[in-house]
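Look at the sequence and the structure first, then read on.

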Amino acid sequence: MRKARIALTAVLVTTFGLGLTACGGDSKDAATEKESPAATAPTPEQESPSADSSENAGGDAQPAGDVTAPGAGLKVGDKAVLPFEYAKKKGTLAITVTAIDKGAEADMSQFGARAKGLTPYFIKMKVENVGDTDLSRAYVQLRGLLDGGQSTGVSLIGDIPGKCDKESAPAEFGKGASFETCSLAASRSGDVTGAEFDEGDAYSDKPVIWTTG
């Protein structure tokens, strides 16, 4: 399973942005402070679907009752069944957040001096393909939330090897296949106790949220 370049974008409530890109395991770590929020540009993999991406382009036609409703509140350990699109292929994933682990400020050292004061949190999950579309190489990103549901105000690109490894789906990721991955969050102002899925029109305003409490 290869390591994918990832990007997490959010509406920032502070002016901090961190960046780490991984390509073949070798990267230059960097952290930059942004004066205003900006969406991260899509990675090459997002921009260029695979050659067979047109296959199953119609995706799964899932009845509304088969997927988790927008705005649903879940607990860590619960499974959400969600429509998912990657490289113009539409399918259905079952996502289970298995843990939200608190790291140490020292774990952020690879991001440089601008990460001082930030505490990382590791949102770990299991992802299973429960639809009929092969979503090979897809990756899933969840955003961390503070206690009470507020945004952390921090935008991250990257992972922390050995503690929060961002993994993509395998080259063949058909129905019944699964993999484990991790989304990296960080906070300067409180504990991260939740994670949200907000991809797609139905969930952008009403995300599915998992909480530890």
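Thr152 sits in the loop that runs between strand E7 (143–146) and strand E8 (178–187). Strands (E, at least two residues) are DSSP runs, numbered from the N terminus. With a relative accessible area of 8%, Thr152 is buried; buried means under 20% relative accessible area, found with a 1.4 Å probe and protein chains only.

The side chain of Thr152 reaches the backbone nitrogen of Val154 at 3.3 Å. A polar atom of the Thr152 side chain also lies 3.5 Å from the backbone oxygen of Ala186.

## Confidence and conventions

This is a predicted model, in which local features need pLDDT of at least 70 and side-chain atom pairs count only at pLDDT 80 or more, while totals for chains, interfaces and linings use all residues. Residues are numbered from 1 along each chain as its sequence is written, and side-chain values use heavy atoms, with hydrogens and water left out.

The pLDDT, the predictor's confidence in each residue from 0 to 100, averages 78 for the protein, and 69% of the residues score at least 70. Over residues 1–64 the pLDDT is below 50. Where pLDDT is low, the predicted coordinates should not be read in detail.

## Nonpolar cores

A nonpolar core is a set of buried Ala, Val, Leu, Ile, Met, Phe, Trp, Tyr and Cys residues joined through side-chain atoms within 4.5 Å. The largest one has 31 residues, and Leu142 and Trp210 touch the most other members. Among the elements that give two or more residues to this core are strand E4 (79–86), strand E5 (89–102) and strand E6 (119–129). A second, separate core has 12 residues, including Phe122, Val154, Leu156 and Ala186.

Trp210 is in contact (heavy atoms within 4.5 Å) with residues that include Leu74, Ile95, Leu142 and Phe197, leaving out those up to four places away in sequence.

## Two sheets

Two strands pair if DSSP finds at least two bridges between them. Ile95 stands opposite Val127 in E6.

Another open sheet of 4 strands has the order E3-E10-E9-E7 and mixed pairing. Strand E3 (73–75) and E7 are the edge strands here. E9 and E10 run antiparallel and are joined by 4 bridges; the bridge partner of Gly194 in E10 is Thr211.

Note on methods:
Buried means under 20% relative accessible area, exposed over 50%, partly exposed in between (1.4 Å probe, protein chains only). A polar contact is a pair of N or O atoms within 3.5 Å; within protein, one must be able to donate a hydrogen and the other to accept it, and residues adjacent in sequence count only if both atoms are side-chain atoms.
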